[in-house]
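Have the model open as you read.

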Amino acid sequence: MTTGTSGIEHGFPHLDTVRSAVHALFKRLSYDTVSTFATSVPPADVAFDDTEDLYLGAQRVARALVRQLHLPDARMVVGFREMEHAANVELAAGPEYFIELNDRFKKHRKDIGAALAHEVMHVYLHRLDLSFPGTRDNEILTDTATTYLGAGWLLLDAYREHGPFSQKLGYLTPEEFGYVLAKRAAFFGEDPAPWFTSPQAYDAYTAGAARARRDARRPPLAGAGWAARLRYAKDRRAAQDPRRAGRVAGPDDGYAFEDAPLRVSFPCPACHQRIRVPVRGHLQARCGLCKTLLDCDT
C-alpha cells in the first residue's frame, strides 16, 4: 500500500479499472453475498486516540475490520517498523496473517484503520483467489473492493491536503474513492457523508458522486440528458440503415447496436455488467448480475 505526501493525483485516470473491479466483485461474490455487506464498519469501531495502548488498539481495530469483511477465522498480528510504504501484509495459508504498518502511524493513530482496511482486504481477496494481473491493477482492485464492501471510507477520510503535510493512502485518486463510495451508497442506500472528518475527503466524495451519477444518465437509460439522447437517436438511425454493415456503437456512452433483431447493449450503471435489450421504445430491464431494475428508452 502506498502513501503520498506531495503531488497527489486527482481526477479519474483509473476509472475503467475501477469499473472492472466492481464488476469482478459481483461476478465472484454474487448478488446475495455482496448484499451481506450492506452496513459499513462504524466509525466508533475504528476510532483510535492517544490514550489507548498502541498495540492493543491496533489489534482491536484489525478485529473490527476482520468482522466487517466476514473473516471470522482469520487472525491479524499487527506490528510497526520503518518502511517505504504505508503498510504490508504477509499472505500465507492462515489463519494468522502478519501486517506491518509504517512507524509514522504511531504518531498518526487516526489513520491506522485506513491502513489496516487495505491490508485486511488483501487477505480477503487472497482467500477468494480474486486478483487482477499486474501490481497497479491489483492494488486498484483492492482499494475498490475495500471501499465497496464497507471499509474504504476510512481510506478516503485519510486524504488531507495541508501544504507539505498532505497525504493520501491507496492507489485510487480521492475522487475515484468518492466514485466507488457513491456507487455503494446508491446500491445500499447508506450515506457515508457524516463520517468524514477531512474536509478534502468530503469534497472528493461529492466530486466522485457527481461522476457516478453520470453513469445513470447515459443512453439508453431513460434518465439520459437531451444531448446524449440526440446522439443515441442518430446512432440508432444509422443502425437501422439497411446499407450499413456490422455494429454501430456510441463510444462515449458505452452502448452498441447489434443485428437480427436490432438490440442495444450497454453497461449496467450499478455493476457494469453488459445488458442487451431489444430496440422497441420504453421498457424496463433488470440486471442479471446485481438485480438493479433499469428504466430504458431504447
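Helices and strands here are DSSP runs, numbered from the N terminus. Keep in mind that this is a predicted model.

## The largest pocket

The largest pocket comes in at about 360 Å³. It has 21 lining residues, and those closest to its centre are Lys183, Ala186, Ala212, Ala216 and Pro269. At least two lining residues come from each of α8 (174–188), α9 and β11 (293–297). By class, the lining of the largest pocket splits into 15 nonpolar, two polar and four charged residues.

## The second largest pocket

Next up is the second largest pocket, with about 290 Å³ of space. Its lining counts 19 residues, and Val89, Leu91, His122, Asn138 and Glu139 sit closest to the centre.

Most residues other than glycine have a negative phi, and most peptide bonds are trans. So which peptide bond is cis? That would be the one from Pro219 to Pro220, with omega near 10 degrees. Pro220 lies in the loop between α9 (199–215) and α10 (226–240).

Two non-glycine residues are worth a click as well. Ser30 has a positive phi of about 85 degrees and lies in the loop between α1 (15–29) and α2 (31–34). His272 has a positive phi of about 70 degrees, and its place is the loop between β8 (263–267) and β9 (274–278). Ser30 is partly exposed at 29% relative accessible area, whereas His272 counts as buried at 13%.

Technical notes. Residues are numbered from 1 along each chain as its sequence is written. This is a predicted model: local features need pLDDT of at least 70, side-chain atom pairs count only at pLDDT 80 or more; totals for chains, interfaces and linings use all residues. Side-chain values use heavy atoms; hydrogens and water are left out. Helices (H or I, at least four residues) and strands (E, at least two) are DSSP runs, numbered from the N terminus. Buried means under 20% relative accessible area, exposed over 50%, partly exposed in between (1.4 Å probe, protein chains only). On a 1 Å grid over the protein atoms alone, a cavity is a set of points where a 1.4 Å probe fits but cannot get out, and a pocket is an open set with protein on both sides within 12 Å along at least five of seven lines; lining residues have an atom within 4 Å of a point. Grid points are joined across faces, edges and corners, and a volume is the space filled by probe spheres set on the points. Ala, Val, Leu, Ile, Met, Phe, Trp, Tyr, Cys and Pro count as nonpolar, Asp, Glu, Lys and Arg as charged, and the others, Gly among them, as polar.
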